[in-house]
Amino acid sequence: MQLSIIVPAYNESRYIAGSIKRIHDVMKNAKVNYEIVIVNDGSSDDTLYVADSLRSRYKNLRVVGYKKNRGKGGAILFGTRFVKGSYVAFIDADKDIDPKYLLFLLKNIGNADIAILSKNHPKSRTLFPAYRKVLSKGYYVLVRVLFNLPVSDTQVGCKMFRREVIRKVCPLISTKKFAFDLELLAYANKFNYKIREFPAVLNFSRDKGRIRLKNVARIFFDTLFVLYKIGVSGKK
């Protein structure tokens, strides 16, 4: 098994069938050996039903999950229990990010340990609301000052890792929601894993985003918590 693709899904009944089909088509056409692990993150809609109904069509599809919502980070951490690939990727279920980037990251990870996409890369093109662009730029400045990570964006929902990174880093992670990506990359950087960052074309497809202004304070405090764990306490 070459590539395991984790798709966290919370109330994604509107998008999940199309996302699975698109991932399957991209990988099949490229003749990549892969599996898809859908993690139902305590959805209250028909996400689980829709995903389950597709298992007979896609033999390399696995559907797992739990009843109470944990957040995207919690879903990804849960999904890592079931992966078999030498490379492990995750991608959002809502089709903001074309699954062709999974193939792109796989082909371009090279000698790096982690490959990620960035909204802030000079060659990226983003079709996002203005408020999300402001939040993204502001968060980048905060993360750069506090963590000095070698990336311009920690939050894009499409990343790829060598499996050894997942095995070493994921057991240490305690942030399950908005700062999950940051904690994952911060620990990886602490252990000197090599991270490569690439541009992307990103399209905001939802009628309403998941991040509201009321979430900003939570993001800020979660970020400080990650800083305490990694930068102050020296916890490993």
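# Exercises on contacts and burial

By the salt-bridge rule (a side-chain nitrogen of Lys or Arg within 4 Å of a carboxyl oxygen of Asp or Glu), the count comes to 8. This is a predicted model: local features need pLDDT of at least 70, side-chain atom pairs count only at pLDDT 80 or more, and totals for chains, interfaces and linings use all residues. Residues are numbered from 1 along each chain as its sequence is written, and side-chain values use heavy atoms, with hydrogens and water left out.

**Exercise 1. Describe the salt bridge of Arg55 and Asp52.**

Step 1. The closest N and O atoms are 3.2 Å apart.

Step 2. Arg55 is partly exposed because its relative accessible area is 43%. Asp52, at 29%, is partly exposed.

**Exercise 2. Work out which parts the salt bridge of Lys229 and Glu183 ties together.**

Step 1. Lys229 and Glu183 form a salt bridge, with 2.5 Å between the closest N and O atoms.

Step 2. Lys229 lies in helix H8 and Glu183 in helix H7 (residues 180–190), so the pair ties together parts 46 residues apart in sequence.

Step 3. Lys229 is buried, at 3% relative accessibility. Glu183 is buried, at 0%.

Step 4. Salt bridges that share partners join Lys72, Lys159 and Asp181 into one network.

**Exercise 3. Say what the side chain of Glu35 contacts.**

Step 1. Glu35 sits in strand S2, residues 34–41.

Step 2. Glu35 is buried yet has no salt bridge. Lys84, the nearest side chain of opposite charge, is 5.1 Å away. Here Lys and Arg count as positive and Asp and Glu as negative; His and the chain ends are not counted.

Step 3. The side chain of Glu35 makes a polar contact with the side chain of Ser4, at 2.5 Å. A polar contact is a pair of N or O atoms within 3.5 Å; within protein, one must be able to donate a hydrogen and the other to accept it, and residues adjacent in sequence count only if both atoms are side-chain atoms.

**Exercise 4. Decide whether Cys158 and Cys170 are buried or exposed.**

Step 1. Cys158 has 0% relative accessibility, so it counts as buried.

Step 2. Cys170 has 9%, so it is buried.

Step 3. Look for disulfides (pairs of cysteine sulfur atoms within 2.5 Å). A search of the whole structure finds 0.

**Exercise 5. Locate Asn148.**

Step 1. Asn148 lies in the loop between helix H5 (130–147) and strand S7 (158–162).

Step 2. Asn148 is exposed because its relative accessible area is 54%.

Step 3. Asn148 and Asn189 are 41 residues apart along the chain, and their C-alpha atoms are separated by 9.7 Å.

Definitions and conventions: Buried < 20%, exposed > 50% of the residue type's maximum accessible area, 1.4 Å probe, protein only. Helix = DSSP H or I, 4+ residues; strand = E, 2+ residues; numbered from the N terminus.
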